[in-house]
Amino acid sequence: MGNMDGKAVEELSSTECHQWYKKFMTECPSGQLTLYEFKQFFGLKNLSLAANKYVEQMFETFDFNKDGYIDFMEYVAALSLVLKGKVDQKLRWYFKLYDVDGNGCIDRGELLNIIKAIRAINRCNETMTAEEFTNMVFDKIDINGDGELSLEEFMEGVQKDEVLLEILTRSLDLTHIVQLIQNDGKNPHEPEPEPEQEAEAAQ
């Protein structure tokens with residue numbers, strides 16, 4: 001993954017690299033994130049079983065050399081890919097994330113579970129339920145009707161359908177992670193209530 005790492009770092013501004021490195025080394029002085037530290041790093045607590053499985057799957061896709069740790073280069077390469085990568089690069093990564101059992105195909109159960117988990121973590125305000133979205137994906141791009149999506153079907157189908165592409169991109173938007181990094185781990189979308197406001201609400 002050396003080439004990808006180099007490109008990822010080149011695509012980042014020096015300010016971004018400094019912020020990401022500072023956050024990474026503050027949270028992980030050893031320079032290698034374990035799964036537990038990965039969850040702590042992004043403030044992922046009290047996850048449901050499905051959401052926890054999704055985070056484990058994301059950890060595995062970020063761990064490019066499969067040594068059980070995420071080092072700084074893997075961390076930068078992964079975030080840069082998701083935030084700044086081209087559409088086909090992102091779709092390949094999405095596919096790998098959805099293909100939980102690693103058999104090279106996505107079935108309805110895998111897609112549904114991941115979509116549910118992503119929504120639980122990202123708190124997406126989608127009008128479609130996870131089930132409706134999963135059915136729409138398969139109805140539109142499962143060309144041979146075998147109930148599974150190959151990488152080719154997934155790549156071609158999503159790129160031809162702007163609605164699907166837009167929903168998938170939005171559901172896997174990781175800008176909130178970057179905001180956490182830039183705000184030293186504080187979620188800008190969850191401001192702490194002021195004591196005066198709490199008192200007023202109680203009356």
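This is a predicted model: local features need pLDDT of at least 70, side-chain atom pairs count only at pLDDT 80 or more; totals for chains, interfaces and linings use all residues.
Biologist: What percentage of the 203 residues in the protein chain is buried?
Modeller: Residues are numbered from 1 along each chain as its sequence is written, and side-chain values use heavy atoms, with hydrogens and water left out. Buried means under 20% relative accessible area, exposed means over 50% and partly exposed lies in between, with a 1.4 Å probe and protein chains only. On that scale, the buried share of the 203 residues is 41%.

Biologist: What is the mean pLDDT of the protein chain?
Modeller: A pLDDT of 70 or more is reached by 74% of the residues. Averaged over the protein chain, the value is 76.

Biologist: How many contacts beyond near neighbours in sequence does the stretch of residues 1–9 have in the model?
Modeller: Over residues 1–9 the pLDDT is below 50, and the pLDDT is also below 50 over residues 187–203, a stretch with six contacts beyond near neighbours in sequence. A contact here means heavy atoms within 4.5 Å. For residues 1–9, the corresponding number is twelve.

Biologist: What share of the contacts with a separation of 6 or more joins residues 24 or more positions apart?
Modeller: The protein chain has twelve helices and four strands, where helices (H or I, at least four residues) and strands (E, at least two) are DSSP runs numbered from the N terminus. Among the contacts in this chain with a separation of 6 or more, residues 24 or more positions apart account for 61%.

Biologist: How many aromatic pairs does a search of the whole structure find?
Modeller: Rings of Phe, Tyr and Trp (its six-membered ring) pair if their centres lie within 6.5 Å, and planes under 30 degrees apart count as stacked, over 60 as edge-to-face and the rest as tilted. By that criterion, the number of aromatic pairs found is ten.

Biologist: Which helices hold the two members of the pair F24 and Y75?
Modeller: The pair is tilted, at 4.9 Å centre to centre and 40 degrees between the planes. F24 is buried at a relative accessible area of 0%, and Y75 is buried as well, at 1%. The pair ties together parts that are 51 residues apart in sequence, because its members lie in α2 (residues 14–27) and α5 (residues 72–84).

Biologist: How far apart in sequence are the parts tied together by F95 and F154?
Modeller: The ring centres of F95 and F154 are 5.7 Å apart and the planes stand at 55 degrees, so this pair is tilted too. F95 is buried at 6% relative accessibility and F154 at 1%. Since F95 belongs to α6 (residues 87–98) and F154 to α9, the separation of the parts is 59 residues.

Biologist: What is the phi of K66?
Modeller: K66 lies in the loop between α4 and β2 (70–71), and at 48% relative accessibility this residue is partly exposed. Most residues other than glycine have a negative phi. K66, however, has a positive phi, near 55 degrees.

Biologist: Which side chain is joined to that of D161 by a polar contact?
Modeller: D161 sits in the loop between α9 (151–160) and α10 (162–171), and is buried with a relative accessible area of 16%. A polar contact is a pair of N or O atoms within 3.5 Å; within protein, one must be able to donate a hydrogen and the other to accept it, and residues adjacent in sequence count only if both atoms are side-chain atoms. At 3.0 Å, the partner side chain is that of K140.

Notes
pLDDT is the predictor's confidence in each residue, from 0 to 100.
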